[in-house]
Amino acid sequence: LNKKVQAIYLWWHKPVIDRELLQSLPNLKVIANSGVGMDHLDLKLVSSFGVKMANAPRAVSSSTADAGMALLLASSRRLVEVHHIAISSSMDYCEADFLGVKVSEATLGIIGMGRIGYKIALRAKAFEMKILYHNRTRRRAQDEQAVGATYCKNIDSLLQQSDFVMVTVNLTPQTRNLIGKRELELMKPTATLINISRGAVVDQEALVMALQTGVVRAAALDVTYPEPLPRLDHPLLKLKNVIITPHLGIKTDKATYMITEEAVENILAALNGLPMPSEVLPS
């Protein structure tokens, strides 16, 4: 069937797109991805075969923003810890065991103010948070005013001021290990790091050390590197001040349906010679 294949719909990075596969599909015209991140694809390689690419930013942004806020709230109120206390057979605790961090009026720093980052800002505004953001390009003044966000040209300034730091950037060579030892040490010792982008954006060894030594208060991670982490011996899995979820950002019934719709829309556009709504070009 190799000569009949004109489109590939990638679900959870499968099938693997490599040179061998591309060479075997002479009539392939388009690859549609079930998500925003394209770091699992060699964009220049795919483009060299004359194949177009698309992602699904519209479908995933709301669900991923919801997941980010859920992690922020769960970490701030230590929900995983206190759940285990509440269901323990002894129920031996004192009120201090339940003390969390107030979210309203706290400062949220968003690193990456694209579709997802902006929707997080909308949600944070409803929680009466002060919002800072760092982005490659500054958003329009009306966008900033709508959510009450302040632009930080320098990422260091955002890290130093924020009570919660939310990472929502794409994984690129420039953002790999964007948050490392130096950046973690710039954060407040009472701050929480939330990562809903890609695990490799954060230097995990540096994060483990920061969490163990009190450089930062806590972390809430929907992504790790690798995924999943080695079950038995990874130090992140042993820390009480860490919440880890298995890359659940887009995992809702409605988002899954919308992702497929967006992928089909892009595929049909490419096959019919029309502009693709979510085309991704190699940088």
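How many of the 20 residues of H3 are buried? For H3, 15 of the 20 residues are buried, so the helix is mostly covered; buried here stands for under 20% relative accessible area, exposed for over 50%, and partly exposed for anything in between, with a 1.4 Å probe and protein chains only. The model is a predicted one, with local features requiring pLDDT of at least 70 and side-chain atom pairs counting only at pLDDT 80 or more, while totals for chains, interfaces and linings use all residues. Residues are numbered from 1 along each chain as its sequence is written, and side-chain values use heavy atoms, with hydrogens and water left out.

Helix H3 covers residues 57–76 and reaches 28 Å from its first C-alpha to its last, close to the 28 Å expected at 1.5 Å a residue. That expected span is 1.5 Å times one less than the number of residues. Helices (H or I, at least four residues) and strands (E, at least two) are DSSP runs numbered from the N terminus. After H3 comes Arg78, with a positive phi near 55°, although Arg78 is not a glycine. Arg78 sits in the loop between H3 and helix H4 (79–87).

The contact (heavy atoms within 4.5 Å) draws on 5 residues from domain 1 and 4 residues from domain 2. An interface's size is often given as the accessible area lost when the parts come together. For domain 1 and domain 2, the buried area (accessible area lost with a 1.4 Å probe, summed over both parts) comes to about 440 Å², with 47% of it on carbon and sulfur atoms. On the domain 1 side, Val36, Gly37 and Asp39 lose the most area to domain 2, together 68% of what that side buries. Between the two domains there is 1 salt bridge, as well as 2 residue pairs in polar contact, both residues being at pLDDT 80 or more. A polar contact is a pair of N or O atoms within 3.5 Å; within protein, one must be able to donate a hydrogen and the other to accept it, and residues adjacent in sequence count only if both atoms are side-chain atoms.

Salt bridges, taken as a side-chain nitrogen of Lys or Arg within 4 Å of a carboxyl oxygen of Asp or Glu, number 13 in the structure. Arg198 pairs with Asp39, with the closest N and O atoms 3.1 Å apart. Arg138 and Glu144 form another, at 2.7 Å; Arg138 is exposed at 53% relative accessibility, whereas Glu144 is buried at 10%. Asp156 bridges to Arg182 at 2.9 Å. Asp156 belongs to helix H7 (residues 155–161) and Arg182 to helix H8 (residues 181–186), so this pair ties together parts 26 residues apart in sequence. Asp156 is buried at 18%, and Arg182 is partly exposed at 44%. Arg182 also bridges to Glu183 at 3.2 Å, and Glu183 is buried at 12%. Arg58, Glu262 and Glu265 are linked in a salt-bridge network.

Finally, some backbone details. The Tyr225 to Pro226 peptide bond is cis, with omega near 0°, and the bond joining Glu227 and Pro228 is cis with omega about -10°. Pro226 lies in the loop between strand E9 (218–221) and strand E10 (242–244).

Technical notes:
Buried area = accessible area lost by both parts, 1.4 Å probe.
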